[in-house]
Amino acid sequence: MNKIAIIGSVASLGLVFGIASNKAVAQISHEHMQPSQTKQTSQFRRIEQPLWAKAAVTAGGLGLIGLELWWFLLSKPKSQKAQSKQGVQEVTITVDGGYEPSQVVVNAGQRVRLNFYRKDPSSCLEEVRFPDFHIAQELPLNQVTPIEFTPNQPGTYTFTCGMNMFRGEVKVEAGQVQSPKGDEIMANTQPPMTTRVN
């Protein structure tokens with residue numbers, strides 16, 4: 001019983017002192033306050049910076065703007081030509097914060113195998129999609145996942161992550177054939193035109 005009475009009286013004294021001190025602070029007149037506390041100004045105070053600091057901030061900002069423009073507009077994708085092995089064009093693509101290489105060059109009319117090796121654990125890169133070939137494939141972490149298709153027409157075909165944030169492309173060129181001399185010549189991927197003579 002004594003403990004409860006002591007705690008109650010201490011709490012009551014604290015409450016009384018708190019109310020009294022708030023009233024005392026509120027009753028201080030504006031005349032006793034410092035002039036800097038009562039004077040209000042409608043203008044901002046100017047902070048002077050050295051010229052070198054202004055130049056450094058400006059140069060840094062311009063450098064970042066230039067880097068963004070280069071990254072999004074001027075940088076070319078890293079390209080790799082597929083190597084043909086037993087009639088299949090094959091490239092390994094590393095999935096780590098994007099696709100490396102982000103552009104694969106292949107020949108039309110020949111089977112393509114893209115081996116995706118996923119190192120990035122982010123959920124965005126769990127899947128790769130080839131909309132033009134109707135392919136959507138899960139990419140298990142730290143494993144190689146082969147994806148095969150045959151592009152019949154030259155052109156550029158994109159592939160994306162599941163959220164469409166990261167992109168790559170397959171650049172399909174007209175097929176190459178070997179001439180009897182061993183020189184490469186362009187193959188015609190279109191059927192030959194026939195003309196009718198009357």
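This is a predicted model: local features need pLDDT of at least 70, side-chain atom pairs count only at pLDDT 80 or more; totals for chains, interfaces and linings use all residues.
Local features need pLDDT of at least 70 and side-chain atom pairs count only at pLDDT 80 or more, while totals for chains, interfaces and linings use all residues. Residues are numbered from 1 along each chain as its sequence is written, and side-chain values use heavy atoms, with hydrogens and water left out.

**View 1. A nonpolar surface patch formed by Leu 62, Ile 65 and Leu 69.** Together these residues make a patch of about 300 Å². Patches are built from residues with over 30% relative accessible area and no salt bridge, joining like charges within 9 Å and nonpolar side chains (Val, Leu, Ile, Met, Phe, Trp, Tyr) within 5 Å. Accessible areas come from the Shrake-Rupley method with a 1.4 Å probe, and for residues only the protein chains shown count as cover. Leu 62 belongs to helix α3, residues 51-74; helices (H or I, at least four residues) and strands (E, at least two) are DSSP runs numbered from the N terminus. Leu 62 counts as exposed because its relative accessibility is 57%. Here, buried means under 20% relative accessible area, exposed over 50%, and partly exposed in between (1.4 Å probe, protein chains only).

**View 2. The salt bridge between Glu 100 and Lys 78.** Side chains of opposite charge can pair when their charged atoms come close. A salt bridge is a side-chain nitrogen of Lys or Arg within 4 Å of a carboxyl oxygen of Asp or Glu, and five are counted by this rule. In the pair shown, the closest N and O atoms are 3.9 Å apart. Glu 100 sits in strand β4 (residues 99-100), so its link to Lys 78 ties together parts that are 22 residues apart in sequence. Glu 100 is partly exposed at 41% relative accessibility, whereas Lys 78 is exposed at 52%.

**View 3. Glu 148 meets Arg 113 in a salt bridge.** The N to O distance is 2.6 Å. This pair links distant parts of the chain, 35 residues apart: Glu 148 is in strand β9 (residues 144-149) and Arg 113 in strand β6 (residues 111-118). Glu 148 is partly exposed, with 33% relative accessibility, and Arg 113 is partly exposed at 22%.

View 4. Arg 129 is partly exposed at 36% relative accessibility, but Glu 127 is buried at 17%.
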